[in-house]
Amino acid sequence: MSYAPYPALRMRRTRAAAWSRAMHAEHRLSPADLIWPLFVTEGSAVEEPIGSLPGVSRWSVDGIVTQAKLARDLGIPCLALFPNTQPDRRSDDGTEALNPDNLMCRAIRAIKDAVPEVGVLTDVALDPYTAHGQDGLLDDSGYVLNDATVDVLIGQSLNQAAAGADIIAPSDMMDGRVGAIRDALESAGHANVQIMAYAAKYASAFYGPFRDAVGSSGLLKGNKKSYQMDPANGEEALREVGMDLAEGADSVMVKPGLPYLDIVARVKDAFGVPVFAYQVSGEYAMIEAAAAAGAGDRNALVLETLMSFKRAGCTGVLTYHAPLAAKLMTA
Ligand code: PBG
């Protein structure tokens with residue numbers, strides 16, 4: 001590519017006026033880009049603020065329905081639900097994930113009854129249900145078993161789909177689970193239930209506040225490095241994505257978000273499929289901490305980071321800032 005030399009070309013010309021900047025913007029943000037993660041807890045009329053996620057609470061099912069209505073009114077198309085399972089319902093094998101009346105299923109049904117026009121995405125992994133906080137079943141040495149875990153994840157997915165989930169999002173990083181879940185959904189008559197694979201999910205230090213929110217941080221011993229990806233790796237993310245697509249994933253996710261925008265761009269370039277990013281709890285907490293410290297303007301930080309996802313190639317973003325962002329986008 002060759003360009004006219006200065007001063008025939010002045011890059012600042014199109015930036016001089018607001019109308020011109022608006023006209024030349026390569027990407028635009030809309031509430032339709034957002035997926036809003038919400039935490040569910042037992043009880044009624046319960047709101048429990050989460051200390052490490054200032055401004056985010058766990059809600060009992062009735063409160064979740066109120067949030068779902070807010071999402072609809074703000075134009076946010078989809079919610080992602082995560083349960084804070086009661087301690088006495090957690091076990092080494094996480095079988096509460098298979099209970100048709102578990103907290104998650106009750107929340108899905110309540111939302112789909114009250115606000116059917118809002119999409120519900122459900123996380124598939126055992127960590128909110130296991131007594132040890134790992135995403136799968138352990139052998140005697142503490143290793144997370146792949147195939148035995150996939151068998152349970154199939155049951156968890158069918159349970160969520162039967163309750164009305166629109167998108168099944170496996171976040172467990174077991175091998176082969178997307179194909180197994182797709183087969184099971186087809187056989188059970190859930191042909192239109194989507195799969196959004198957490199395809200490139202890294203073993204990240206940015207998940208801390210989330211683990212507080214679902215109550216697994218105190219339980220978790222060790223780390224998740226035997227199944228989540230090494231932050232050093234990019235090529236491997238492309239293989240993960242390719243594998244999940246070959247098994248029938250409708251869309252893929254990169255997680256965390258901002259530290260992995262290079263992965264988003266590479267996945268989009270390589271596959272041209274819908275790519276979502278999860279701006280995770282630690283990223284949210286970082287923005288909130290910066291705003292609280294006077295180190296940046298919250299609204300501007302939120303919109304700039306969300307725009308960076310769009311520029312990198314994202315179809316949409318999971319963010320705890322979704323309601324604020326939706327308001328800012330339509331202001
Ligand atoms: C569960 C899961 C995690 C997140 C989403 N699903 C935590 C983990 O893998 O330990 C993290 C989301 C966030 O930090 O906001 N497998």
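**Close-up 1. Helix α8 and the glycine that follows.** G272, which comes just after α8, has a positive phi of about 60 degrees. The view is taken from a predicted model. Helix α8 spans residues 261-271, and its buried residues include L261, I263, V264 and V267. Looking down the axis of α8, the buried residues lie within an arc of 155 degrees, so they line one face of the helix. An α-helix has 3.6 residues a turn, so residues three or four places apart point the same way. Among the elements that cover the buried residues of α8 are β7 (194-201), α7 (235-246), β8 (251-255), β9 (275-279) and α10.

**Close-up 2. The buried face of helix α11.** In α11, which runs over residues 322-330, the buried residues are A322, P323, A325, A326 and M329. Down the axis of α11 these residues fall within an arc of 165 degrees, so they line one face of the helix.

**Close-up 3. P37 in strand β1.** P37 is part of strand β1. With a relative accessible area of 2%, P37 is buried. Leaving aside residues up to four places away in sequence, P37 touches A80, F82, Y278, L318, T319 and Y320. S157 is 120 residues from P37 in sequence, and the two C-alpha atoms are 18 Å apart in space.

**Close-up 4. R90, a buried arginine without a salt bridge.** R90 sits in the loop between β4 (78-83) and α3 (103-114). R90 is buried but forms no salt bridge. The nearest side chain of opposite charge belongs to D127, 7.8 Å away. A polar atom of the R90 side chain is 2.8 Å from the backbone oxygen of T85. Not counting residues up to four places away in sequence, the residues that R90 touches include N84, T85, D127, P128, Y129, T130 and A131. V214, G215, S216 and L219 are also among the residues that R90 touches.

**Close-up 5. Residues around the ligand.** There are 18 residues around the ligand, and of these K201, K224, K255, S281 and Y320 come nearest. A polar side-chain atom of K224 is 2.7 Å from an oxygen atom of the ligand. An N or O atom in the side chain of S171 lies 3.0 Å from a nitrogen atom of the ligand. For D127, a polar side-chain atom is 3.3 Å from a nitrogen atom of the ligand.

Notes:
Residues numbered from 1 in each chain as written. Predicted model: local features only at pLDDT ≥ 70, side-chain atom pairs only at ≥ 80, totals over all residues. Heavy atoms only, no water. Buried < 20%, exposed > 50% of the residue type's maximum accessible area, 1.4 Å probe, protein only. Helix = DSSP H or I, 4+ residues; strand = E, 2+ residues; numbered from the N terminus. Arc of directions from axis to C-beta. Lys, Arg positive; Asp, Glu negative; His and termini not counted. Salt bridge = Lys/Arg side-chain N within 4 Å of Asp/Glu carboxyl O. Polar contact = N/O pair within 3.5 Å; in protein donor to acceptor, adjacent residues only side chain to side chain. Contact = heavy atoms within 4.5 Å. Near = heavy atom within 4 Å.
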